[in-house]
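Please keep the sequence and the structure in view while reading.

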Amino acid sequence: MMNTNSIKRQTYLTPLLFLCCLLIGATQSKAQQAPTEKDMSAYLMVFHNDDTHSLHMALSHDGYTFTALNDGTPIIAGDTIAAQKGIRDPHIYRGPDGAFYLAMTDLHIYAQQAGYRHTEWEREDYGWGNNRGLVLMKSQDLIHWKRANLRLDNQAPFFQDIGCAWAPETTFDEEAGKLMIYFTMRHRTDAAKLYYAYVNDDFDRLESTPQILFEYPDEKITALDADITKVGDKYRMFYVSHDGVAGIKQAVSDRANGGYAFDPRWYDPEPQACEAPNVWKRIGEEKWVLMYDCYGQSVHNFGFSETTDFVNFRNLGQFNQGVMKTTNFTSPKHGAVIHLTKAEADKLIEKWGL
């Protein structure tokens, strides 16, 4: 028989437990919302380095001068997370849930010299690169990461014979209500095209078969390294065209997953080949920076242009040759920039040192 005091205690505790559940739920809901631009006070840049084939990070408080964390050494070593023992082309994205999504190419271009394989490439018949994998990572705090290694050749019969998969990036397709990952892919040795697929919330599995996102009007010309930014009601995709000297072009659409109109104009001012465009906004200003990897020159560097309308661009020059500066690193490769709150930046500094 139940004691009457126990009955009274249970009756008394039930509303308290209900209230606690509401408070916990409200706290979790708040934690799962991304902060807004007014909360931001710093910039985080991710990039890789050809010497390390690993993930590097740099911070800036003003959007002009960047300092690498961990004294310029890797934050995450490529040989600990990638099947080919090296990563390239890191891209970071903050989702609408507030989580951070990191996507990278699983590729080591010097793996033979590093002793990771006996041949220059994984599959000699597929030309440069010939990797088939991506590395996907998710974090709530930029410190602790959950990782998945994704093989694209396992997604459908057509993709079993792909020549390469490069430069994955993440965005949120508002119309579909899903995270969308998009990347460069080449079938055998054909010209590369841009593909997209939807990915689950845990960021470890594709929920759809990759489909064409954009291909160059001339099917013999490669289009790669897409970067999508929603500005107003338009999706602005900057990408690399190999229509002559490799450089940056823009295509615009009303939706995230296709319909991008071809624009023949070149948007970078560089005389030499460049790739890896990435667009980021200056905090508190109606200015956007178009950043790109100037790989066609003897010393690799990042170049920058600035715009307020995505029609007129002002050349800011390259790192340490104009207003954009680095303090402790050189020759970064294929970067991406997002905004951070002061607390997030401070946490990274506490962990890795600045």
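**Salt bridges and selected residues**

Arg132 and Asp153 are both buried. In this predicted model, the two residues form a salt bridge in which the closest N and O atoms are 3.5 Å apart.

Another one joins Asp97 to Lys138, with 3.9 Å between the closest N and O atoms. This pair links distant parts of the chain, since Asp97 is in the loop between β4 and β5 (100-106) while Lys138 is in strand β6, 41 residues apart. Asp97 is partly exposed because its relative accessibility is 24%. Lys138, at 15% relative accessibility, counts as buried, the cut-off for that class being under 20%.

A further salt bridge is formed by Asp202 and Lys146, again with the closest N and O atoms 3.9 Å apart. Asp202 lies in the loop between β10 (193-199) and β11, whereas Lys146 lies in strand β7, so this pair ties together parts that are 56 residues apart in sequence. Asp202 is partly exposed, with a relative accessible area of 41%. Lys146 is partly exposed as well, with a relative accessible area of 39%.

Backbone angles come next. Which phi does Asn130 have, positive or negative? Asn130 has a positive phi of about 45 degrees although it is not a glycine. Its place is the loop between α2 (111-114) and β6 (133-139), and at 0% relative accessibility Asn130 is buried. Asp71, which is not a glycine either, has a positive phi of about 55 degrees. Asp71 is found in the loop between β3 (65-68) and β4 (87-94). Its relative accessible area is 66%, so Asp71 is exposed.

On the surface, a patch of negative charge brings together Asp190, Glu215, Asp218, Glu219 and Asp243. One of these residues, Glu219, belongs to the loop between β11 (211-214) and β12 (223-231). Glu219 is exposed, with a relative accessible area of 63%.

Glu286 is located in the loop between β15 (275-281) and β16 (288-294). At 54% relative accessibility, Glu286 counts as exposed, given that this class requires over 50%. What is Glu286 in contact with, leaving aside its neighbours within four places in sequence? The contacts are Lys281, Thr307 and Thr308. Glu286 and Asp309 are 23 residues apart along the chain, and their C-alpha atoms are separated by 8.8 Å.

Thr307 turns up again among the contacts of Phe313. Phe313 is placed in strand β18 (residues 313-318). Apart from neighbours within four places in sequence, Phe313 is in contact with Phe238, Arg265, Tyr267, Leu290, Ser305, Glu306 and Thr307. From Phe313 to Thr326 the separation is 13 residues in sequence and 22 Å in space, C-alpha to C-alpha.

Notes: Residues are numbered from 1 along each chain as its sequence is written. This is a predicted model: local features need pLDDT of at least 70, side-chain atom pairs count only at pLDDT 80 or more; totals for chains, interfaces and linings use all residues. Side-chain values use heavy atoms; hydrogens and water are left out. Helices (H or I, at least four residues) and strands (E, at least two) are DSSP runs, numbered from the N terminus. Contact means heavy atoms within 4.5 Å. Buried means under 20% relative accessible area, exposed over 50%, partly exposed in between (1.4 Å probe, protein chains only). Patches are made of residues with over 30% relative accessible area and no salt bridge: like charges are joined within 9 Å, nonpolar side chains (Val, Leu, Ile, Met, Phe, Trp, Tyr) within 5 Å. Accessible areas come from the Shrake-Rupley method with a 1.4 Å probe; for residues, only the protein chains shown count as cover. A salt bridge is a side-chain nitrogen of Lys or Arg within 4 Å of a carboxyl oxygen of Asp or Glu. Lys and Arg count as positive and Asp and Glu as negative; His and the chain ends are not counted. The place of a charge is taken as NZ of Lys, CZ of Arg, CG of Asp or CD of Glu.
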